[in-house]
Amino acid sequence: MTYYYQVEGLLRNNIGDVLQGMVAKDLLPEGARVADREAIADLAGRDSGVLVANGWYMHSFAKFPPPDNITPVYAAVHIANSALLSSEHVREHFKKHAPIGCRDTKTLQLMLGWGIPAYYSSCLTITAKPRGPINSKPDGEVLLVDNVDHPVPDDVVAKLEKVLGRKMVRVSHDPPDTSGDIEAYAKVSEQHMNSLLARYCNASLILTTKIHCALPCLGMGANVKLIHPNPADPRLATVAEFIDIISYKDILSKEDAGLNDSPVNKEALAKRKQFLLQLIADSVKEGANAVQVSGKARYRLIRMKAALMAKLYRTSVVLSYRMGFAKEKIQRVYGAGF
């Protein structure tokens, strides 16, 4: 059996996309091959196998979905652009490989609204393995992880450094090298991401605006806080399940910058992490999406619930549209489907 994991293709503007592939690779048998998420249809000329199809979807729809020689395991999926599902053949592909594990409720609702069985799975990056001992002492680095094109405002940085009594070291998730084919890019980027993860393990504190810094840090057990101008942003809900997100407003207004207001929900984290680890292990054993094919009671229950929710949610969306409720929003999300 050949196993594949996927990373971002040609745009290559976020090493967090590489991380999502890396955590899948870590859970697959040795020798797993990298695939270009933006050209997944090109796997038609490759060996038949199983693809762990998690991550962010996607910049271009031209080479999606995967070909028939590839069996995708859809878990921890985020649909950034609802237009991906505007094509009937894409919707039928997802239905064929359902239930779809969604990393956020927005994606879950989109899938269910099209009548595609789906469930909330959380994000696979919480399964990240520690890259060294976790620092529990105050003498490690304090890191501020943001992108250079979306920096944390100077007044927020100044307040944090005042509360902490020390300077923070700024780290970016922009890839250091975007050259080469997909195999070369994956190799270099995975090495760089591993070095970042090791640095996070060794830090005394990581403050970040990045989902795919916060989630792997939580999974590894590193001391991380997610800060953001808008904690209510639905993209952040997959982190908010485990820690409270600290707003810039709270940082500026609270004496302790709100840093003591974000304890980790270890029970929820352990539960989600164990489910994802077991799902990939069972999918490797089955050679297919375990939620779809396994006879285990847990997966049967998810299948039944996902199928029922798809019927109910699709019916509610259609009725809402016909009755004129939220018609513009429904048209914006579902387009020609209505």
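Predicted model: local features only at pLDDT ≥ 70, side-chain atom pairs only at ≥ 80, totals over all residues.
**Exercise 1**

Find where H78 sits, decide whether H78 is buried or exposed, and list what H78 touches.

*Solution*

- Step 1. Locate the residue. H78 lies in strand 6, residues 77–79.
- Step 2. Check the accessibility. The relative accessible area of H78 is 7%. Buried means under 20%, so H78 is buried.
- Step 3. List the neighbours. Leaving out residues up to four places away in sequence, H78 touches G55, W56, Y57, R103, D104 and T107.
- Step 4. Look for a polar partner. The side chains of H78 and D104 make a polar contact of 2.8 Å.

**Exercise 2**

*Solution*

- Step 1. Domain 1 gives 26 residues to the contact, and domain 2 gives 28 residues.
- Step 2. Size the interface. The two domains bury about 2400 Å² between them, with 61% of it on carbon and sulfur atoms. R12, I15 and M22 supply 31% of the area that domain 1 buries against domain 2, more than any other three residues.
- Step 3. Count the polar links. Between the domains there are 3 salt bridges. There are also 12 residue pairs in polar contact, both at pLDDT 80 or more.
- Step 4. Name the elements on the domain 1 side. Those giving two or more residues are strand 1 (2–7), helix 1 (15–26), strand 2 (33–36) and helix 9 (266–286). Helix 1 gives the most, with 8 residues.
- Step 5. Sort that side by residue type. The domain 1 side has 11 nonpolar, 7 polar and 8 charged residues.

Definitions and conventions: Residues numbered from 1 in each chain as written. Heavy atoms only, no water. Helix = DSSP H or I, 4+ residues; strand = E, 2+ residues; numbered from the N terminus. Buried < 20%, exposed > 50% of the residue type's maximum accessible area, 1.4 Å probe, protein only. Polar contact = N/O pair within 3.5 Å; in protein donor to acceptor, adjacent residues only side chain to side chain. Contact = heavy atoms within 4.5 Å. Buried area = accessible area lost by both parts, 1.4 Å probe. Salt bridge = Lys/Arg side-chain N within 4 Å of Asp/Glu carboxyl O. Nonpolar A, V, L, I, M, F, W, Y, C, P; charged D, E, K, R; others polar.
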